[in-house]
Amino acid sequence: MMLRRAQPWLGTLVEIVAEGDDTSRLLAATERAFARIAAVHAAMSFQSPDSELTHVNRAAQSGWVALSPDLATVFAAALEFARASNGLFDPSVAGWLVASGQLPCHPGLPAGTATDWRAIELDGERVRFTAPLLVDLSGIAKGYAVDVALASLRADGVRAATVNAGGDLARFGDEAVPVHVRLPHQPAHSLHLAELKNGAAATSASYFQADALRHPGTGQTLCAGTSVTVIAADCMSADALTKVVAAEAARASQLLARHNAHAVVLDGTCARRCDADGWHDLPLEFTA
Amino acid sequence: MSNSPNWLILPVACVPLVAAAPAFAVQYMTTEAAQKLLFPAASAFVSQPVRLDAVQKKAVEKAAGVRMRYPEQPVWQVMENGKPAGWFVLDEVYGKHEFITYAVALDATGAVRGVEILEYRETHGGQIVNPKWRAQFDGKRFGAPLKLDKDIQNISGATLSCKHIAEGVRRVLAIHAVALK
């Protein structure tokens with residue numbers, strides 16, 4: 001049988017679909033998976049005035065701050081992607097989003113912040129900022145939450161499962177399932193993009209909220225009228241890689257190849273796909 | 001398309017464009033199933049719909065900062081071994097394109113114990129695809145007839161934000177403060 005549930009977390013609807021033989025075991029397993037997502041949400045929300053991340057943003061410029069294992073893992077991954085993409089992925093762009101009112105300004109947060117991931121110093125499970133800055137992990141934490149929820153379902157012996165957090169999706173199972181992506185200009189419509197058995201797909205776009213993505217170098221708005229989907233082995237990498245592709249598609253292909261990942265970019269007129277051989281136009285078939 | 005990783009059964013070589021506006025809808029759970037899930041130890045759910053008078057309605061709207069569409073709210077008092085254990089509140093929120101039915105569980109002190117989505121619907125009307133997309137394919141239409149989106153799942157691409165649900169939960173908490181304490 002198949003159990004399908006949804007709860008509001010991470011600023012979106014999180015859906016879990018789990019397959020197994022026993023309803024009560026599926027209920028318990030999905031309950032634990034949602035609890036993992038809730039814990040990641042509580043630790044990593046920039047929006048919340050009392051999340052662990054907000055505490056770090058308040059305190060880390062004055063000295064070392066201890067991190068929970070979840071937060072330390074995501075900080076390490078964020079810095080790794082920042083390094084590998086030479087700053088195309090940058091967890092310190094939150095200053096712009098606070099200045100433009102898209103993220104809240106909590107009491108006690110530093111003002112006049114820089115955008116410079118190099119000023120984030122991570123040492124195992126503690127962190128400090130060597131310049132005033134604000135870290136927002138939403139470009140990667142949603143993917144991480146999906147991964148840990150899926151790992152929890154796997155550990156509980158669920159036969160097959162899909163976790164979809166508003167566009168960050170991962171699954172495992174014996175059967176491949178179709179993955180769809182919305183058209184950037186008409187989010188009510190969708191394309192059949194891939195068949196996924198074990199792996200993840202993450203999409204970044206501005207379907208319903210404009211200007212949410214910025215280029216770390218220039219502050220320019222990204223993804224206007226465009227969507228970027230990355231298919232990779234895990235959702236955190238897929239999530240981070242969408243930001244790299246959105247910032248500079250041409251420079252992203254090497255990094256995609258290193259992660260054995262594919263990207264598909266859609267805009268109002270065409271679809272392009274990046275694999276190990278670089279970027280190609282994707283032929284489209286219109287079925288009317 | 002070289003070196004396809006084994007976790008991927010390839011991105012379709014050619015992308016079929018779904019041409020109908022989907023009436024995307026998912027039924028997650030019945031009210032009864034949600035009651036059982038949110039209050040596994042309950043012995044009874046006593047239906048006790050809340051009907052607010054004009055003064056209460058105003059108080060709720062002021063406290064929650066959102067408008068109340070209906071003055072009546074479906075509410076159940078939850079009993080465990082004959083003692084009140086909390087409230088089960090059914091609610092609906094509407095966005096420009098979405099319609100969500102969900103349940104809020106409040107414990108005996110009125111704190112939120114859980115939120116579970118019962119039904120999600122996107123209500124996009126009518127017409128289709130950007131003319132630019134369409135233009136590309138004029139004269140070369142082939143493939144299967146379109147697949148209506150009833151079976152479309154696994155949409156990778158942001159759903160609408162859950163802002164409306166957050167507002168709804170705020171309203172439910174205000175209703176509790178005004179009428180259920």
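**Close-up views of a predicted model**

**View 1. Helices α3(A) and α5(A) meet through residues of both helices.** In this predicted model, V74(A), A77(A) and A78(A) belong to α3(A), and their partners in α5(A) are I140(A), A141(A) and Y144(A). Sorted by class, the contact holds six nonpolar residues, with no polar and no charged ones. Helix α3(A) covers residues 69-84 and helix α5(A) covers residues 138-155. Two packed helices are described by the angle between their axes and the distance between the axes. Here the axes come within 10 Å and cross at roughly 125°. Angles of 65 to 115 degrees count as roughly perpendicular and those over 145 as roughly antiparallel, so α3(A) and α5(A) are oblique to each other. The crossing of α3(A) past α5(A) is right-handed.

**View 2. Helix α1(A) packs against α3(A).** Helix α1(A) runs over residues 23-44. Its axis and that of α3(A) are 10 Å apart, at an angle of about 70°. The two helices are therefore roughly perpendicular to each other. Helix α1(A) passes α3(A) in a right-handed crossing. On the α1(A) side the contact is made by A39(A), V40(A), A43(A) and M44(A), and on the α3(A) side by D70(A), L71(A) and V74(A). Six of these residues are nonpolar, none is polar and one is charged.

**View 3. Chain A is built from seven helices and 15 strands.** Of the 288 residues in chain A, 53% are buried. Among contacts in chain A with a separation of 6 or more, 57% join residues 24 or more positions apart.

**View 4. Helix α4(B) spans residues 163-180.** The helix has 18 residues. From first C-alpha to last, α4(B) reaches 25 Å, close to the 26 Å expected at 1.5 Å a residue. Buried residues in α4(B) are H164(B), I165(B), G168(B), V169(B), R171(B), V172(B), A174(B), I175(B), H176(B) and V178(B).

**View 5. Helix α2(B) packs against α4(B).** Helix α2(B) is made of residues 54-64. The axes of α2(B) and α4(B) lie 9 Å apart, and the packing angle is about 135°. That angle makes α2(B) oblique to α4(B). The crossing is right-handed. From α2(B), the contact uses Q56(B), A59(B), V60(B), A63(B) and A64(B). From α4(B), it uses R170(B), R171(B), A174(B), I175(B), A177(B), V178(B) and A179(B). By class, nine residues of this contact are nonpolar, one is polar and two are charged. Among the α4(B) residues in the contact, R171(B), A174(B), I175(B) and V178(B) are buried.

**View 6. M68(B) sits in the loop between α2 and β6 of chain B.** Strand β6 covers residues 72-73. M68(B) has 17 C-beta neighbours inside 10 Å; a residue needs 20 or more to be buried and 12 or fewer to be exposed. M68(B) therefore counts as partly exposed. Leaving out residues up to four places away in sequence, M68(B) touches K57(B), V60(B), E61(B) and R171(B). V60(B) and R171(B) also take part in the contact of α2(B) with α4(B). K58(B) is 10 residues from M68(B) in sequence, and their C-alpha atoms are 8.7 Å apart.

How values were computed
Residues are numbered from 1 along each chain as its sequence is written. Chains are lettered from A and ligands numbered from 1 in the order in which they are written. This is a predicted model: local features need pLDDT of at least 70, side-chain atom pairs count only at pLDDT 80 or more; totals for chains, interfaces and linings use all residues. Helices (H or I, at least four residues) and strands (E, at least two) are DSSP runs, numbered from the N terminus. The expected span of a helix is 1.5 Å times one less than its number of residues. Axes are lines fitted to C-alpha atoms, for helices over the stretch in contact, and angles run from 0 to 180 degrees between N-to-C directions. Angles under 35 degrees count as roughly parallel, over 145 as roughly antiparallel, 65 to 115 as roughly perpendicular and the rest as oblique. A crossing is left-handed if the near helix is turned anticlockwise from the far one by less than a right angle, and right-handed if clockwise. Two residues are in contact if their C-beta atoms, placed from the backbone, lie within 7 Å. Ala, Val, Leu, Ile, Met, Phe, Trp, Tyr, Cys and Pro count as nonpolar, Asp, Glu, Lys and Arg as charged, and the others, Gly among them, as polar.
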